[in-house]
Amino acid sequence: MLQRENGSPDLADVDGTEYRTCMPEKSVLSTARRNLTVLVIAQGYLGSQMPMMFIVSALAGQSLAPNACLATLPISLIVLGSMLAATPLSGIMQRHGRMLGFIIGATGGAIGAALSAWGLATGSFALFLIGSAFAGMYMSSQGFFRFAAADTASEAFRPKAISYVIAAGLASAVIGPQLVKVTADASVVPFLGTFLAIIVINASGAFLFLLLDIPKPKAVEVSSHARTRLELLKSPKVLVAIICAMVSYSLMNLVMTSTPLAVVGCGFSKNNAADIVSAHVLAMFAPSFFTGHLIARFGAERIVAIGLAILAAAGSVALSGTDLSNFFGALILLGFGWNFGFIGATAMLTNAHSPEERGRVQGLNDTIVFGCVTLASLSSGGLMNCTGGSPVEGWTYVNFAMAPFLALAGGALLWLALARRMRGRAAN
């Protein structure tokens, strides 16, 4: 690694290696801070559309779908669109830089919201679903904000930079649900105003990315040194990081997707559902102010393990009753568990591959994670509306479904720890 004149290591560049430029140290730091500021604002402002869509899409889908079991299909299509867009967007960012990829994502979000609004206005469930799939393009690009935050950060600061960007979701947790309250019934067609507001958010927010200054990776390094996707999956640390991210995100989505249906189905109002989702999203992002510090001190694997335990606690609270306090308690714990599990897994992943493998491993990770989240969101509607004879029974099945996946992630972490211990003994 290159050293500064005082002997300390220089900042990492976009490839995760050192910033090989003639720029003074202060200029490099200024660029890193500028990029982080842009991404924090984008996460807060553009990210507000995500809680908006997760609050209204299932309720709108329930009113448009020919079968109640398909109520959460729009959310599944959002996540499916995100999964399908992950690898192409990652490739675009690898070849042409983060800016273009993020602008494409915001454009997809605007197109998706426009199609969804058209579907609502005409009563077309099919058109609403197509719009949901396009909206997944923005969701996918937002997933790369955390990686972009690490691009110009030093190795030591990377977990904190990731945390700061995710912490900006606190703003989206406040803005999104409040906009739903204002826009959901603003027109004769329920929820139409919400999707019109999402169009405006994407169209205006895309200009933020013009302020990014992140160097492009060197294509020659990718072709000459990168492992194949299969070789990456054979790496224990990569595999376990992906499994833990997949389980953390999928279980969060499984429960959150059915929450508005469960809350309204148990006799509470849409505003109650919006408040619960708002509390959940706040809990998702609030810990990010210190999650990076905890990872730096205790290690990513331990933080992921704590996150999995909190997710289990969320399921227990949800199964203990269906009062508003149960919904609030379960969803707040669900947010905390996701934060520790997902940020911890992201930190594990960023340290598990070489610089030239960045685009490939991040695209692979998000494809697998969002593929599983798609299945989780689709299963959520089926478990909620098509099992048992009441919303309470459906909500019970949703939360019981968490158990085997928590066992999978916990077992993977244990296997990684044992494998590391065995390698240590063999080396001695």
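A residue counts as buried when its relative accessible area is under 20%. Keep that cut-off in mind on this tour of a predicted model.

**Stop 1: F327.** Select F327 in helix α16, which spans residues 324-350. Is F327 buried or exposed? Its relative accessible area is 1%, so F327 is buried.

**Stop 2: F268.** F268 sits in the loop between α12 (236-265) and α13 (270-285). F268 is partly exposed, at 24% relative accessible area.

**Stop 3: the two rings together.** Show the side chains of F268 and F327. How far apart are the ring centres? They lie 6.4 Å apart. The planes meet at 85°, and over 60 degrees counts as edge-to-face, so this pair is edge-to-face. Trace the chain from F268 to F327: the two are 59 residues apart, and their pair links distant parts of the chain.

**Stop 4: W338 and F342.** Stay in helix α16 and select W338 and F342. They are 4 residues apart, about one turn of the helix. Their rings form a stacked aromatic pair. The centres are 5.3 Å apart, with 20° between the planes. Check each residue in turn. W338 is buried, with a relative accessible area of 3%. F342 is buried too, at 5%.

**Last look.** Zoom out to the whole model. How many aromatic pairs does the structure hold? It holds 11, and your stops included F268 with F327 and W338 with F342, among the 11.

Definitions and conventions
Residues are numbered from 1 along each chain as its sequence is written. This is a predicted model: local features need pLDDT of at least 70, side-chain atom pairs count only at pLDDT 80 or more; totals for chains, interfaces and linings use all residues. Side-chain values use heavy atoms; hydrogens and water are left out. Rings of Phe, Tyr and Trp (its six-membered ring) pair if their centres lie within 6.5 Å; planes under 30 degrees apart count as stacked, over 60 as edge-to-face and the rest as tilted. Buried means under 20% relative accessible area, exposed over 50%, partly exposed in between (1.4 Å probe, protein chains only).
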